[in-house]
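Let's take a walk through a protein model together. Have the sequence and the 3D view open as you read.

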Amino acid sequence: MRWNASTGFYLGAEGGYGWGSTRHTNVVTGGNSGTSSNLDGGLAGVTYGYNWQLNSWWLLGLEGDFSWSGIRDTFTDNGEDFCSGSLHCITDQKWLGTDRLRVGITSGNYLFYGTGGVAYGDVRATIEPKGVCCNSETHWRTGYTVGGGIETMIAPNWSIKLEYDYVDLGNSVNYHQFGTGQGEKVFLHENIIRV
């Protein structure tokens with residue numbers, strides 16, 4: 001059976017695992033938590049898109065996804081007294097979405113493609129225990145994503161794909177200290193593998 005993705009809309013389900021790194025930094029003092037590479041968790045949601053089969057080899061598409069995310073990290077700092085001892089920095093990504101362009105080439109029953117575009121997510125961050133120093137705030141963050149994957153037909157009008165995406169949600173203010181109102185920036189990069 002040869003790949004034969006006709007031009008048109010598609011809808012599906014997706015799920016996978018993400019891992020990456022995060023860091024908290026005070027915008028006034030520059031004090032930071034150091035980078036933690038223990039950010040990880042699962043995600044699941046929906047995927048959607050539109051394909052243009054340009055010829056028997058090339059495919060152009062617009063695709064997106066919107067996922068519940070369990071990707072989070074609870075960590076202490078690297079010794080700069082930012083969130084040390086009994087205090088813990090929290091980075092908790094609640095949702096993740098992307099909207100991307102993809103370009104692929106077919107070979108037999110397979111589509112090999114690259115993809116890139118905008119990423120957005122709902123991120124909660126704070127220092128715990130609650131009420132000690134900082135607000136717990138959730139903000140919508142935007143950034144970019146690039147990646148690639150392989151897709152194959154499993155039946156007429158049905159396919160399955162394996163995809164890797166690098167997601168960068170930047171380094172922006174995500175919560176504030178009590179009293180002073182000083183902002184705390186949260187850096188968040190992650191790698192996503194999903195089907």
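## Starting with strands

In strand 2, Gly 49 is the bridge partner of Tyr 10. That contact belongs to the pairing of strand 1 (residues 8–26) with strand 2 (residues 36–53), which run antiparallel and are joined by 14 bridges. A quick word on terms: strands are DSSP runs of E with at least two residues, numbered from the N terminus, and two of them pair if DSSP finds at least two bridges between them.

Before going on, keep in mind that this is a predicted model, where local features need pLDDT of at least 70, side-chain atom pairs count only at pLDDT 80 or more, and totals for chains, interfaces and linings use all residues. Residues are numbered from 1 along each chain as its sequence is written, and side-chain values use heavy atoms, with hydrogens and water left out.

Strand 2 also pairs with strand 3 (residues 58–69): 11 bridges join them, and they run antiparallel. Look for Leu 43, whose bridge partner in strand 3 is Ser 69. A hairpin of 4 residues links strand 2 to strand 3.

Strand 6 and strand 7 run antiparallel, joined by 16 bridges, and Gly 117 has Thr 145 in strand 7 as its bridge partner. Strand 7 pairs with strand 8 as well, again in the antiparallel sense, over 11 bridges. Here Gly 147 finds its bridge partner in Asp 165 of strand 8.

Most residues other than glycine have a negative phi, and most peptide bonds are trans. Now check the bond from Glu 128 to Pro 129: this peptide bond is cis, with omega near 10 degrees.

Asn 157 counts as exposed because its relative accessibility is 79%. (Exposed means over 50% relative accessible area, buried under 20%, and partly exposed in between, with a 1.4 Å probe and protein chains only.)

## The cysteines

How many disulfides does the count come to? It comes to 1, where a disulfide is a pair of cysteine sulfur atoms within 2.5 Å. Cys 83 is joined to Cys 89, with 2.2 Å from S to S. The torsion about this S-S bond is about -105 degrees, so the disulfide is left-handed. Cys 83 and Cys 89 are both buried. Cys 134 is buried too, at a relative accessible area of 4%.

## Rings and charges

The structure holds 7 aromatic pairs. One of them is Tyr 50 with Trp 52, which is tilted, at 4.8 Å centre to centre and 55 degrees between the planes. (Rings of Phe, Tyr and Trp, using its six-membered ring, pair if their centres lie within 6.5 Å; planes under 30 degrees apart count as stacked, over 60 as edge-to-face and the rest as tilted.) Tyr 50 is partly exposed at 32%, and Trp 52 is partly exposed at 33%. Elsewhere, Phe 66, Trp 95, Tyr 120 and Trp 140 form one aromatic cluster.

Finally, two arginines. The charged end of Arg 23 sits over the ring of Phe 187, 4.5 Å from its centre, and Arg 102 lies over the face of Tyr 113, 4.7 Å from the ring centre. The rule is that NZ of Lys or CZ of Arg is within 6 Å of the ring centre and within 35 degrees of the ring normal.
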